[in-house]
Amino acid sequence: MITLQPGDIDVGGVTLRNHLLLAAGVLGTTGASLQRLLKQGAGGVVTKSIGPEPNAGHHGPCLIRTECGVLNAMGLPNPSKNFVEELAPLKGEPVIVSIFGKDPEEFKEVAGWFAEHAKAFELNVSCPHAAGYGAAIGTDPETVLECTRAVASYGVPVWVKLTPNVTDITTIGLAAEKGGASAIVAINTVRGMRISTAMRRPVLGNRAGGLSGKAIFPIAVKCVWDLYAACTIPVIGCGGVSTAEDVIEMMMAGAQAVEIGTAVMDDVRVFDGIAQKLYAKDGADPASIVGVAHD
């Protein structure tokens, strides 16, 4: 397997310790959990998505394991503005704050709370199971453009996390780029559901949810491929990454870094485990493999 030279990298306006980031929504709910992942090898961390109002989320069951991944419908639970207190001890660390809102004004309001604490913002315009938020607005290019532009006005790098639940993801990526995004994150979860044949009803409390894990890795690779070909800003791969080989494949498709989520549930030390196999002093220049499969 190809190995890479270790060291800090600059992606989307943020200096990361390596190519591996914690994805939003997984152990990103407290400052302590974010710090824990940084100490265990993550090159950067993305917080749980924070919105304009405190939210308890959907009623359970909110998460189930499937044969090839995880299906969740959390409903964007978050403490809203109170999360600022969690980030204070992490000043200077590579922390990307994930935020959401129903329109550009709400995105700008939430971003304002964290502008002094975040190395970048990740706009959640892609959650598939929160009415009025996430993918409900992230399928419209003009809305994505305006939300991106509103947050970019703070002068902090803006990453836009895209939904795969669209006909052409590149139209949304180009809208984010036009709005001033510093990077695109691809992808969020894929819509799905399971039904209990014994109970004769959907398993999740919200009925439908979003599928993550190994099952969606090929979908994520294709989205990264398409966005790399269409856009000029960096692409960050997300979806089913769990091995060093997955990282290399994502990078060859066009990703400059990757986010890891579901794999953390199986092994909280996954970042260090991947890094040990991914990096070597005599490894290749990382920039030399980004998008190489397009040649």
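**A guided look at a pocket, a histidine and a helix**

Guide: Start at the largest pocket. It is lined by 35 residues, and Ala 24, Gly 25, Val 26, Asn 72 and Thr 189 lie nearest its centre. Strand S6 (69–72), strand S8 (120–124), strand S16 (255–260) and helix H9 (262–266) each give two or more residues to this lining. This is a predicted model: local features need pLDDT of at least 70, side-chain atom pairs count only at pLDDT 80 or more, and totals for chains, interfaces and linings use all residues. Residues are numbered from 1 along each chain as its sequence is written, and side-chain values use heavy atoms, without hydrogens and water.

Visitor: What makes a residue part of the lining of a pocket?

Guide: A lining residue has an atom within 4 Å of a pocket point; a pocket is an open set of points on a 1 Å grid over the protein atoms alone, where a 1.4 Å probe fits, with protein on both sides within 12 Å along at least five of seven lines. The lining of the largest pocket holds 16 nonpolar, 15 polar and four charged residues. Asp, Glu, Lys and Arg count as charged; Gly counts as polar.

Visitor: Why is His 19 called buried?

Guide: Buried means under 20% relative accessible area, exposed over 50% and partly exposed in between (1.4 Å probe, protein chains only). His 19 has 2% relative accessibility, so His 19 counts as buried. His 19 sits in the loop between strand S2 (14–16) and strand S3 (20–22). Helices (H or I, at least four residues) and strands (E, at least two) are DSSP runs, numbered from the N terminus.

Visitor: Which residue makes a polar contact with the side chain of His 19?

Guide: The side chain of Tyr 279 does, at 2.8 Å. The limit is 3.5 Å between N or O atoms; within protein, one must be able to donate a hydrogen and the other to accept it, and residues adjacent in sequence count only if both atoms are side-chain atoms.

Visitor: Why do the buried residues of H10 line one face of the helix?

Guide: In helix H10 (residues 270–278), Val 270, Phe 271, Ile 274, Ala 275 and Leu 278 are buried. Down the axis of H10, these residues fall within an arc of 130°, so they line one face. On the other side of H10, Gln 276 and Lys 277 are exposed. The arc uses directions from the helix axis to the C-beta atoms.

Visitor: What makes Arg 200 count as exposed?

Guide: Arg 200 has a relative accessible area of 77%, so Arg 200 is exposed. Its loop runs between strand S12 (195–196) and strand S13 (201–202).
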